[in-house]
Amino acid sequence: MFQEALGADFAQLHTMLQRRFGVGLDAGYACIGRGTMLQIRRGPWWTIPFLRLGKVRNILIPDLGTNVPFTIWNYPYLDPYGRETVTFVREYQVRDQPSRFDATMVLSGGKVLDYLGTHQHLAVDLDLSVQPNGSLRLRSGAQRFYEGPVAFRFPLLFSGRAELHESYDDAAGVYRIRLDVRNRVFGFLFGYEGEFTCDFVEASDAPERLKPRRHERRG
């Protein structure tokens, strides 16, 4: 999926990132990353209701923390509409009960489309680019909301744009990740940075617990 979306630029990724983002049904493997969020941040106090609303469907996380254990599950599967899908499910252990951020990605029109939440309510266009140091930059674009017959383009004034950077540190032998979500009017909403290692396991499907409760056909 990522190789097709990036085209020839995929070969410019660090080889460990090529392996991580090479997850797919044809590749026959999944990637399980385990590590530590060195810092989980959020914006001012008035962002908390917004983040808590997103937590209801595992779209955003209102937690704060340092040195937080986390796991990211990247499994390929075929969704009910015949689309190859890769899970990007993150679990954090800030308190006794883990928080979870659900995302599933498909290829649509040669680009990666990111569905967010347990019910794929938000569909987000992703812009991918390889940086000169072999890292991957991901930026979110247009967002669309779907719930039953309801469908509309989600105004970015009431949402945020995400920018994620992922790299591989050869000296430390770890993947490094950094995310910032910002609103163009209200500024910083949420972010984290961390490091992790990966296990690559054979897979031709995703565990049911990692799949969304509802799949959305519309892109």
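Ala162 stands opposite Val181 in strand E13. This pair belongs to a stretch where E12 (residues 161-169) and E13 (residues 174-183) run antiparallel, paired over 9 bridges; strands count as paired if DSSP finds at least two bridges between them. The two strands make a hairpin with 4 residues between them, and Gly173 in the turn has a positive phi of about 70°. E12 also has a partner in strand E10 (residues 136-147), again in the antiparallel sense, here over 4 bridges. Within that pairing, Arg139 stands opposite Glu163 in E12. As a rule, side chains in a regular strand alternate between the two faces of the sheet.

A word on where these values come from: the model is predicted, so local features need pLDDT of at least 70 and side-chain atom pairs count only at pLDDT 80 or more, while totals for chains, interfaces and linings use all residues. Residues are numbered from 1 along each chain as its sequence is written, and side-chain values use heavy atoms, with hydrogens and water left out.

Zooming out, the protein comes to 3 helices and 14 strands (DSSP runs numbered from the N terminus, with helices being H or I of at least four residues and strands E of at least two). Of its 219 residues, 53% are buried, meaning under 20% relative accessible area with a 1.4 Å probe, protein chains only. Take the contacts (heavy atoms within 4.5 Å) between residues at least 6 apart in sequence: 56% of them join residues at least 24 apart. The accessible surface is about 10,800 Å², and carbon and sulfur atoms own 51% of that (Shrake-Rupley method, 1.4 Å probe).

Now for the holes. On a 1 Å grid over the protein atoms alone, a cavity is a set of points where a 1.4 Å probe fits but cannot get out, while a pocket is an open set with protein on both sides within 12 Å along at least five of seven lines; lining residues have an atom within 4 Å of a point. There is 1 cavity of 30 Å³ or more, and the largest cavity has a volume of about 40 Å³. Its lining includes Phe2, Phe21, Val23 and Phe88, and divides into 5 nonpolar, 1 polar and 1 charged. The second largest pocket has a volume of about 210 Å³. Phe21 and Val23 turn up in the pocket lining too, along with others including Met1, Asp26 and Leu107. That lining splits into 6 nonpolar, 3 polar and 3 charged, with Gly counted as polar.

Terms used:
Grid points are joined across faces, edges and corners, and a volume is the space filled by probe spheres set on the points. Buried means under 20% relative accessible area, exposed over 50%, partly exposed in between (1.4 Å probe, protein chains only).
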